[in-house]
Every structure is written in structure tokens, then in C-alpha cells.
Amino acid sequence: MRYGKTLRMAAAVLLASLGTQAMADVNCGMNTGQAATGAPIIVGGIYGDAAPGDWSSSTDSAAAYFRCVNANGGINGRPIDYRVENDQWNPEAAAQAAALLVNDTPTVAMVGNGSFIEMAVNANTYEQAGIMVMASACAISECFETPNIVSTNEGPLPSNLGAAQYAQEELGAQHIACIGLNIPDNGIWSCQAVQDFMRSRGGDSTAVLINPGAPDVNSALLEAMASGADTILINQPAGIALAILSAAEEQDLRDQYNWIAPTPLYDLSIPAAVGEYWWGHLYVNAELAPLQVNGPDAQNWAAVLDQYGSADDPRDTFGQAGYLSARFFVQAMLEMDPAQLDDRAAVSTAIRGISGYTSDLMCGPYYVGDADFHMPNHAGYMLKVVEGGFEIVRNCYEYDSPYFAPHIALETQLGLR
Amino acid sequence: MKGLFHVTPSGWAGFALAAFAVLVLPGISSSYWLSVFTSASCFLLAIAGVAFLYARLGMVSLTQVGLMGVGGWIALRLNYAFDFPFEVNLALAALSTMVFGWVLALPALRMRGLYLALVTLMAAGGLEILFATFQFPNGGDGFWGVKTGSSDPFRRPFLAQSAEDYLRYVIICAVLGFVFIELHRRLQPGRAWALIRRSEASAMAAGVNVTLYKTWAFGITGLLGGAAGALLAGSLGLLDDGTFRASESVMIFALAVVGGARYWQGALVAAILYKVLPALLNIWGVDADLSYVIFGAGLLHAVITAPDGLAGQALQGLRSLLRGKGRRDA
Amino acid sequence: MALARYKNWLLWAVLMAAFIGWFGWGGRPQMVGLFVASGLAVGSLYALGGIGIVVLFRATGVLNFAGGAAGAAGAMTAWQLSEWGIWDPVGWLACLLVALAITLFYGRLIAPRLAWRETVVKAVATLGFALIVLGAVSFLWVDDPRSISLPTDGVGVRILGMRITATRLIVFAASILIVFGIWLFLARTRVGLQMRALANDRDLAALMGIPILRVETIAWGISGLLAGFTGLMFADLIRLEPTVITFMVIPSIAAAICGRLENLTVVLLGGLSMGVIENMLTMSSALRGVRPIAPFVIAALVLLYYQRGQRLTFGGRD
């Protein structure tokens with residue numbers, strides 16, 4: 001169900017990295033060291049946490065960063081009042097959460113949203129309310145192809161393309177079987193892009209779709225085998241992906257195919273969960289910088305969570321994405337005219353004006369721009385599953401696909417290329 | 001015929017409550033609660049259908065939420081295919097779902113009790129898979145009408161464009177649904193159903209066409225479910241297969257029993273438990289997983305302790321209170 | 001009567017052969033073999049779930065929706081113990097015990113209070129219990145990719161071109177042995193006789209002085225152990241996700257329906273056929289997307305087939 005719940009970094013790894021830096025100084029907003037005391041600026045966020053999966057790590061990290069900003073001067077002395085709601089994976093609850101945060105509350109923007117369904121339900125609400133959503137954990141097309149939502153994470157489509165491109169260039173893939181969820185704005189959307197990409201390179205791709213309600217994945221694996229593919233792309237949430245891998249292990253298929261996957265398998269519990277059989281044979285695309293890159297933003301995020309978050313806030317990619325959305329939001333707010341901070345329209349304009357923000361967590365620049373589509377993050381890393389972790393096999397690379405033509409045009413127009 | 005439009009005290013109470021809900025409730029509700037109450041009112045209509053089937057005929061339908069999905073699917077499909085006003089979509093969705101209910105019911109009606117419940121559960125399971133596979137129309141091309149990207153707008157009723165008016169609209173539809181059921185109960189079908197509930201054999205001996213009236217009842221349930229689904233589609237502007245799981249159909253039936261299937265207040269209690277209580281728990285910041293535990297425990301407790309449902313228990317209490325007071329006064 | 005029974009078996013065999021032939025036609029025989037073998041594995045899980053439901057239903061009149069949730073709680077416990085580095089067999093045992101404890105808790109403390117309710121209400125009440133268990137399990141174990149593996153996953157044989165692990169063979173063999181064992185138990189032991197009496201006529205059995213509480217407790221216990229075993233096998237073979245394991249109960253009920261909630265052999269065959277048919281649908285490009293619908297359609301058709309020729313059922317009980 002959940003596409004992008006990624007990289008749940010084990011707290012142990014974090015502690016190890018923290019050990020070397022002791023209590024690192026945090027870098028938040030104005031960095032005054034003085035608590036903000038002015039009238040609060042209200043910001044909303046929606047996450048999904050119920051039976052199929054917990055997608056709250058992005059709002060958790062965003063909340064920690066905002067607390068840190070509030071303790072360091074806020075936005076020109078005004079604290080951020082961050083209010084989050086749970087959509088419970090339920091479309092009605094998602095609509096209610098948006099009603100509460102967007103219509104009943106004078107929020108100026110939504111930051112850190114992480115959900116599988118919320119964006120589909122509320123995209124029109126956001127547009128009508130003229131509010132911008134700086135989401136962090138997105139899995140469906142509505143997140144990337146609507147005017148008022150911009151997400152820090154890549155989503156399944158670019159991540160799939162990145163994995164497919166690596167397999168085509170480095171592993172000699174000619175025919176990729178894309179095992180996706182039978183959901184139009186998720187699996188079908190993202191597998192179609194792989195097919196277009198492979199055909200543009202003289203290869204081919206077959207989509208193998210799994211019904212999300214189906215418990216058994218074996219028949220999908222068999223279908224992928226029957227398609228004549230040489231590479232299998234597991235475009236699935238981690239739980240189903242694990243099931244497919246264990247079914248493949250049962251059949252001892254490891255050496256007959258290349259095995260690639262988008263970001264959901266970049267999760268620190270994966271190497272242990274897939275087991276020794278797969279070490280060195282499974283390639284995973286990562287949307288944000290992997291742990292070992294550990295640049296200033298990665299360290300700051302960890303330190304912020306440590307000092308302003310709670311111990312059980314997940315340290316994962318979504319957390320990083322939530323932190324990044326919050327950091328970019330604060331940066332945009334600080335650049336605004338202080339008199340207009342309570343004006344939703346002015347804040348939306350400021351967010352649309354974001355261009356050329358950078359972070360070591362992201363390969364390219366972050367921007368929003370005035371467009372009906374937003375996908376600032378479409379470059380990433382390729383990793384290999386090894387014992388106890390992941391090894392980088394290709395550093396930051398841009399995905400080459402006709403899908404990104406309008407994005408590249410927009411970036412050129414904004415002067416980012 | 002004389003008693004047909006006679007309004008009982010309970011009926012007056014219902015109309016008074018509906019009047020309050022239509023006149024006052026939307027004005028004092030925030031956008032969040034408007035959305036909660038609108039959902040609750042849609043499900044109220046659907047629950048009224050299951051409760052009616054269970055109370056009047058002793059038949060159990062575990063596919064009501066699936067039927068809502070069918071109604072919602074049809075309403076969305078019509079909305080994007082044609083330029084009909086909302087009312088036409090609503091009526092067509094309700095009628096088509098009624099026909100769908102008949103088709104489902106005709107072979108199933110030979111079964112009784114648990115087996116009927118199970119065959120409807122199988123239908124709900126099948127519908128769940130169909131919704132998950134084909135999704136709900138959102139303005140795309142082709143028969144299934146699904147596209148990626150944000151959905152096209154769904155036309156709300158001309159009279160109810162705003163969220164407040166739409167809540168009023170849905171409440172009025174729900175009241176009409178209850179009146180529709182009550183009128184049926186007071187006419188020929190109601191008498192036939194009462195007889196069938198007692199004994200199918202004697203109903204048959206008395207010349208009642210058992211199959212016809214059972215099918216008819218199933219059709220009414222489908223009609224109400226379909227209308228509820230179309231109204232829900234109007235509330236959200238789109239539908240998601242997550243709303244229409246087979247387990248939700250079972251849940252709706254369980255809540256109808258918990259509320260008290262014989263009373264209109266029971267359906268109301270059920271709708272409140274199903275939609276308003278979780279919204280309240282959410283506002284109070286209860287963990288979503290734990291609210292499942294609370295919900296499940298409440299359900300079990302009510303099934304164990306209240307044979308006539310919560311509404312039955314409350315009315316019983318009210319009655320004995322009034323009687324006690326009357327005795328003292330005398 | 002005997003002839004009619006054979007006719008049903010024959011009809012089933014012909015239909016299955018026709019189905020596999022129809023969908024397998026044109027496909028490589030190797031692939032057909034793979035789909036059948038894979039379907040048998042899923043089918044045995046459906047059947048195991050169905051057997052637990054039927055055993056309990058016959059003896060107590062309760063159709064239990066909470067078996068999947070009990071199995072999920074057991075499987076998560078087994079995973080947790082293995083995480084803590086405890087010897088695996090202890091975890092497997094704990095899985096059975098947790099499922100047993102949860103099921104017995106319901107059977108001893110809650111089910112008797114519902115005895116006066118009608119069958120359908122008793123059934124939906126167990127769904128309330130399933131929600132409690134599922135909610136508690138999801139609360140205790142936040143969502144995370146997890147897996148369980150058994151030592152038997154490593155060994156296997158090739159059948160019909162597919163490598164079948166020992167775990168799958170165990171599940172398949174267990175489903176047959178359990179049916180046989182329960183049949184023996186019902187036919188040969190005193191408690192089995194009492195269970196059959198209860199299934200036949202509860203009131204009469206009570207009047208005859210059958211110790212209902214004891215017999216029912218045994219039935220709840222058997223179904224709890226079966227739920228634990230099914231949960232563990234499901235976690236190993238399919239997925240270790242509480243929600244998925246919990247709602248696995250709905251296709252299991254479909255398998256139980258095939259045996260009319262009484263005949264275990266038919267439940268087993270029904271479950272296996274459902275698994276095979278579901279997998280074979282993958283061969284059809286038109287029906288591929290909706291293949292999980294197979295159990296429901298089959299169960300509905302079987303129910304209708306059982307009712308053929310009847311007009312209305314008068315009197316009697318459900």
C-alpha cells in the first residue's frame with residue numbers, strides 16, 4: 001500500500017554517527033538562540049497512520065524542525081504553530097482533515113504531508129483554497145501533476161525510471177518486467193513510464209499488476225517470468241516487495257534475472273529482512289542522499305530530531321524529506337515581507353517563488369515555480385543491498401526520460417540549468 | 001388508508017430532530033464537522049436500509065457498503081459521461097443499484113439466515129476486489145473512466161453548492177428514506193413482510209408472493225444504499241475503494257444491531273458510532289490504532305448487554321421513567 | 001443419495017479439468033504446472049483457515065471472524081521473540097500459544113454471553129473482537145517491513161518444474177493430515193461424539209447431559225491452535241503484515257462455505273481449488289486483474305448449487 005516509506009534508518013546507526021559528533025549544534029532558521037514569542041503563524045500537515053502503514057515520519061521531522069526554529073527566533077520573532085492531522089488511510093477522514101486544517105483554521109501553508117490517499121482526495125480543495133502544500137512523502141500522481149502540491153520526495157515514477165536506467169546502462173537490461181500495484185495513479189502510472197523509457201532505448205517493458213487486495217504474490221512473479229523479461233523491477237511497498245523476493249528465493253531465480261527496485265526498499269531493516277541470499281544482487285534507487293553521504297543537512301536533521309524530536313520518531317528518508325520541506329518553507333518565510341506572513345495568498349506566492357534552494361540531501365536544486373505540475377526532485381542514487389546496509393553503486397545521476405521534458409523546460413526558464 | 005400518514009410521537013420526535021439538524025446544525029458546525037456530519041448522514045441512509053431488512057424480514061445483508069459503492073460508481077460515471085443535474089444522477093444511481101440488489105437477491109433468496117448473510121458477504125468481497133481493480137471514475141476516458149492526475153469536478157445539486165447546504169440536502173434525503181420505509185411498512189408490503197417474518201409457510205398459504213416481497217425488500221435496501229453512495233460521492237467529489245471494503249459492510253450491519261434495528265433512533269446511533277465517534281476520538285488525539293480497540297470493545301459490549309440495541313435500551317429506560325413519573329403524579 | 005454424491009465429485013473433477021484446460025490452453029505446459037503448484041500452496045492456506053472455522057462452527061455455532069487476527073498476533077509474537085534472539089522453536093510455540101490464548105479468551109469469556117443471540121449476530125460480534133486484536137497488534141508493532149523464515153524454507157524438491165520448499169509441502173500435508181485427524185477425532189473419541197451431537201442438535205444434546213462447556217472449550221482450543229499454525233505459515237509463505245493476515249479470514253470463509261460449513265473434506269478440496277483457479281486466472285489477460293475475486297465467486301456459485309431445486313425453506317433453523 002505505502003509506496004515510499006523508505007529507509008527506516010536504524011537508530012543504532014544514527015547513534016553511531018552521533019557519537020562521533022557529540023551533541024552537534026543545530027542550525028534552525030534565524031539561529032538567534034532566543035525563543036520566539038510573537039503571534040503564532042499557523043501551518044498544517046496531514047499524515048496517514050492506520051492499519052496499512054505509518055506515514056507519520058515526515059510530519060514528525062517537520063514538527064521537530066519547527067520546534068527548533070521556534071526556539072531560535074522563529075520567523076522574525078513569531079513562532080510556527082504546526083498542527084497535524086491523521087487521515088487514517090480513509091478518504092473521508094482525509095477530506096475532514098483538510099476541512100479542519102484548510103477551511104476551519106487560518107493556516108498559511110501545509111508542510112510535510114505524508115500520505116497515500118490524502119493528495120488525491122484534497123488536490124481540488126487545496127486549489128480552491130489557494131493554499132500551497134509542501135509535501136514530503138508522496139506516492140501518487142496527484143502529488144506531482146496538480147498545481148498546488150509540491151513534494152520533496154520523488155515518488156514511484158522517477159525512482160522507477162532511475163532504477164530502470166541503471167539496469168539498462170549497467171546491467172544490460174533489455175526487457176524489464178515492472179511488478180506494480182494495480183492502482184491507476186500509482187502502479188499503472190509509474191510502470192507506464194518505465195515502458196516508455198525502455199522503448200525509447202530500443203528495449204521493452206511489461207507491466208505486471210498486483211491487486212492490492214491479493215495476499216499472494218507468487219502468481220505475479222510467475223507472470224513476470226512468463227513475460228520473457230531479463231530484469232524484474234519490484235515497484236511495490238516494502239511488505240509486498242519482501243514477499244516477492246522470498247517467493248523468488250524459493251524458486252532460486254536470483255541469477256536468472258537482474259533485480260531492481262525503487263526507493264521503498266531503501267530501508268535499513270531491508271538487508272536483514274531479505275536475508276543473505278540477496279546481498280550483492282539487489283539494486284535499489286534512493287531519492288535522497290543515503291546515510292553514508294552524511295552532509296551538513298543530514299547531520300543537522302539528526303541533531304534536530306535528537307534535541308527537538310522524540311526518541312521514537314523514525315529516522316528514515318521520509319523524515320529527511322519532512323525536515324527538508326520544513327527547512328525550505330522556513331527559508332521562504334524568512335525571505336518574505338514580515339507584514340504578509342499571515343496572508344495565505346502572499347505565502348503561496350512566496351512558495352511558488354522558491355527557486356534554486358539546495359541541500360546535500362538532494363541531488364538537484366529545489367524549486368516550485370508557477371506550473372500545473374511540480375517534481376523538483378528527479379535525480380538520485382543507485383544502491384546495492386549488502387550485508388548490514390547499502391553500497392552506493394552510482395552517485396547522483398539525472399534520469400533521462402521524455403516525462404521530464406516540461407520539468408526541464410521549467411528549470412531552464414527559472415535559470416536552474 | 002386513514003392511518004397512512006398518521007405521525008406517531010416517535011415520528012414527531014424524528015421530524016423535530018431532522019428540523020433541528022437542517023436548520024441549526026449546519027450553521028454551528030465548522031468545516032470539519034460539516035464534513036463529518038455529511039458522511040454520517042450518507043451512512044445513516046445506508047444503515048436505514050440494512051436495519052430495515054433485518055428488523056422487518058429478519059434477513060441479513062452484509063453487502064450494504066458494497067451497494068453504496070455501486071451507487072457511487074454509477075453516480076460518478078453518469079456525472080462525467082453526461083450533463084445531467086445531480087438529482088438525475090442520484091435517482092438513476094439509486095434505481096440502478098436497486099436493480100443490482102434484485103439481481104443479487106433473486107438467486108440468494110432461497111437461502112436464509114447465516115447462508116444468506118454469507119452469500120451477501122461473498123458479494124461484498126467480490127465488489128471490494130472490483131472496486132480495487134477498476135477504481136472509481138474521475139473524469140477519464142473509456143468505460144471505467146479513470147485517469148491519473150486530479151479528478152474532474154463533480155457537480156453538486158443546484159440547490160446545495162456549499163458544504164452547509166449539502167449537509168441539509170443529505171439530511172433531507174435521509175429523512176425521505178426513513179419516510180419511504182415507514183410508508184412501505186404501513187401498506188400492503190409491510191403486512192406481507194410481517195407475515196413472512198413470522199412464517200414463510202403461512203405467508204405462502206395466505207397467498208402472499210413470498211419471493212416477490214423478499215426481492216422487493218432487497219430492492220429497497222439497494223435503493224437506499226445506492227442513494228447513499230451517490231450522496232457520498234457528492235460530498236467528497238470522488239470515491240476511493242478503501243471506503244467500500246467487505247469488512248465495512250459487516251461493520252455497518254453490526255452497528256445496525258448495536259444501535260437497534262427496529263427503531264429509527266437505532267440507525268442514527270449506528271451512524272453516529274460509525275462516523276462521528278471516530279472523528280471525536282481523532283479530535284481528542286486518541287491513537288487511530290487504539291480507537292479501533294475502543295470501537296471493537298464498545299461493539300462487543302453493546303451486542304452483549306443490549307438485546308434491542310442501544311436505542312431500544314434508551315427508549316425502554318425513557319418509557320419506564322415516564323411511567324414511574326406518571327405513577328407518582330397519580 | 002450415494003449416486004448423487006458421486007455425481008458431485010465427478011462434476012467437480014470435470015469442471016476443474018475443463019477450467020485448467022481452458023485457461024492453460026496455448027500456455028507452455030511448464031507454466032501451467034507452475035501456476036497449479038503455486039495455487040495449491042495458497043489453496044492449502046485458504047483450506048487451513050476454512051477448517052479452523054468449520055470445526056469451531058460445528059461444535060459451537062460461532063462463525064469466527066477473529067481467527068486471522070489471533071494468527072496475526074501469534075505471528076508477530078514469534079517475530080518479536082526471534083528479534084530478541086530467542087531460540088526459534090520457542091517463538092513458533094509462542095505463536096500457537098498466543099493464538100490459543102486469544103481464541104480461548106473469547107470462547108470462554110465472551111462467547112457464552114452471546115449464546116442467546118442469533119448465529120449471524122454471534123458471527124459479526126467476532127469481527128468486533130478481531131478489530132480489538134488487530135488494533136492492539138498494530139499499536140504494539142508499528143508498521144515496518146518484517147519477515148519470518150523457517151528452516152524448512154531452505155530445502156525443497158522440484159515438482160512440475162517448480163521448486164517447492166519443505167514449508168509448502170508441510171502446509172499441504174498438514175491440511176490433509178488435519179482433516180484426517182479431525183475426522184478420526186470426531187469419529188472415534190468420546191469428545192468427538194459429543195461434538196457431533198452438539199452440531200446435530202444443540203438443545204437436544206444439552207438435555208442429554210453433554211458437558212457443553214467442556215466440549216466447546218476444546219473446540220475453541222482446536223480452532224485457536226489452527227489459527228496460530230495458519231498465521232505462522234501465512235507469515236512465512238505470504239506476508240508478515242497483521243492487517244493482511246487478519247482479513248485473510250474472508251477467503252477462508254469462502255473455503256468453509258464450499259463445505260457447507262460442515263464437510264471438512266470438501267472444505268479442503270474447495271480451498272485448494274480456489275487457490276488453483278485464482279492462480280490459473282493469471283493466464284487470461286482479461287481476468288488477470290481481478291483474480292482475487294475467484295474465492296468469492298466460487299463460494300457463491302457453490303452455495304447456489306447446493307440450493308438448487310429447493311424452492312423455499314420452511315421452518316427449521318439456520
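These legends go with close-up views of a chain interface and some salt bridges in a predicted model. Residues are numbered from 1 along each chain as written, and chains are lettered from A in the order written. Local features need pLDDT of at least 70, side-chain atom pairs count only at pLDDT 80 or more, and totals for chains, interfaces and linings use all residues, with side-chain values based on heavy atoms and no hydrogens or water.

**View 1. Where chain C meets chain B.** Here 50 residues of chain C are in contact with 48 of chain B (heavy atoms within 4.5 Å). About 4,300 Å² is buried between them, 79% of it from carbon and sulfur atoms (accessible area lost on being put together, 1.4 Å probe, summed over both parts). H5(C) gives the most to chain C's side, with 14 residues. That side divides into 33 nonpolar, 10 polar and seven charged residues. Salt bridges between these two chains number zero (Lys or Arg side-chain nitrogen within 4 Å of an Asp or Glu carboxyl oxygen).

**View 2. Arg394(A) and Glu170(A) pair up.** Their side chains meet in a salt bridge at 2.7 Å, N to O. Arg394(A) sits in strand S16 and Glu170(A) in helix H5 of chain A, so the pair ties together parts 224 residues apart in sequence. Arg394(A) is buried at 17% relative accessible area (buried is under 20%, exposed over 50%, partly exposed in between; 1.4 Å probe, protein chains only), while Glu170(A) is partly exposed at 45%.

**View 3. A salt bridge between Arg291(C) and Glu223(A).** The closest N and O atoms are 3.4 Å apart. Arg291(C) is buried at 4%, and Glu223(A) is buried at 8%.

Key:
Buried area is the accessible area (1.4 Å probe) that two parts lose on being put together, summed over both. Helices (H or I, at least four residues) and strands (E, at least two) are DSSP runs, numbered from the N terminus. Ala, Val, Leu, Ile, Met, Phe, Trp, Tyr, Cys and Pro count as nonpolar, Asp, Glu, Lys and Arg as charged, and the others, Gly among them, as polar.
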